[in-house]
Amino acid sequence: MTRLRTAILISGRGSNMQAILDAARAETYPADPILILTNRPDAAGLTLADTYGVATALVDHKPYGNDREGFERAMQAVLQEHHIEMVVLAGFMRILTPWFVHQWSMRMINIHPSLLPKYPGLQTHQRAIDAGDSEAGCSVHWVTEGVDEGDVIAQARVPLLPNDTAETLAARILPEEHALYPVAVERAALDILQRP
Ligand code: GRF
């Protein structure tokens, strides 16, 4: 069966990356994560990726300063070298320019720890608490030019409890992310594979 050549982009811990790598062990999984790309030399997820035997690459954003597109063109070259067909953002902490988003239009997805369209951007957990919401959660969405604005592919919900802090809420949502993201990656990959 055809499996999409997939890159997972990370900036840190890589726990969502790990959940996807675990799911992708099944030969019938439609995404084949063949590359882990990071912008941070100290990303803990790199060591984790090594234990899975997946190729890793580093494109450090720092030397590019404010030249976001220059950084992205360097990433794009690496993605092309590996003939990547789908990009999965998993805790990748750089805002992407319209240029890069356009390169991967309807082929790039992201996970965000809120029930989008609520709370795009940062500090999502605290903002849900401050708003007095009764539930919170996470969303996987197609990446478009607006930050965290693309169509939602899948969501998971958790209750928000009276004594929650940003930390306890994040800890309740994280396992939901790990369950949700592999399912959403599968859905997105099948969508891409079934296009004419
Ligand atoms: C996750 O909470 C994800 O929703 C957010 O960044 C965090 C990444 O965690 N975008 P990890 O690197 O996957 O462990």
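A residue counts as exposed when its relative accessible area is over 50%. The model shown in these views is predicted.

**View 1. His 83 is an exposed loop residue.** His 83 sits in the loop between helix 3 (68–81) and strand 4 (86–89). Its relative accessibility is 55%, so His 83 counts as exposed. The phi angle of His 83 is positive, about 50°, although this residue is not a glycine.

**View 2. Gln 123 has a positive phi.** The value is near 55°, in a residue other than glycine. Gln 123 belongs to the loop between strand 5 and helix 5. With a relative accessible area of 61%, Gln 123 is exposed.

**View 3. A cis peptide bond joins Leu 116 and Pro 117.** Omega is about 15° for this bond. Pro 117 is in the loop between strand 5 (108–112) and helix 5 (124–130).

**View 4. The ligand takes up the space of the largest pocket.** Around the ligand are Arg 13, Gly 14, Ser 15, Asn 16, Gly 91, Ile 111, Pro 113 and Glu 177. This shell divides into 2 nonpolar, 4 polar and 2 charged residues.

**View 5. Polar atoms of Gly 14, Ile 111 and Glu 177 face ligand atoms in listed pairs.** A polar backbone atom of Gly 14 is 2.8 Å from an oxygen atom of the ligand. A polar backbone atom of Ile 111 is 3.3 Å from a nitrogen atom of the ligand. For Glu 177, a polar side-chain atom lies 2.7 Å from a ligand oxygen atom. Taken alone, the ligand exposes 360 Å², and the protein buries 85% of that.

Methods. Residues are numbered from 1 along each chain as its sequence is written. This is a predicted model: local features need pLDDT of at least 70, side-chain atom pairs count only at pLDDT 80 or more; totals for chains, interfaces and linings use all residues. Side-chain values use heavy atoms; hydrogens and water are left out. A residue is near a molecule or strand if one of its heavy atoms lies within 4 Å of it. A polar contact is a pair of N or O atoms within 3.5 Å; within protein, one must be able to donate a hydrogen and the other to accept it, and residues adjacent in sequence count only if both atoms are side-chain atoms. Accessible areas come from the Shrake-Rupley method with a 1.4 Å probe; for residues, only the protein chains shown count as cover. On a 1 Å grid over the protein atoms alone, a cavity is a set of points where a 1.4 Å probe fits but cannot get out, and a pocket is an open set with protein on both sides within 12 Å along at least five of seven lines; lining residues have an atom within 4 Å of a point. A molecule sits in a cavity or pocket if more than half of its atoms lie within 2 Å of its grid points. Ala, Val, Leu, Ile, Met, Phe, Trp, Tyr, Cys and Pro count as nonpolar, Asp, Glu, Lys and Arg as charged, and the others, Gly among them, as polar. Helices (H or I, at least four residues) and strands (E, at least two) are DSSP runs, numbered from the N terminus. Buried means under 20% relative accessible area, exposed over 50%, partly exposed in between (1.4 Å probe, protein chains only).
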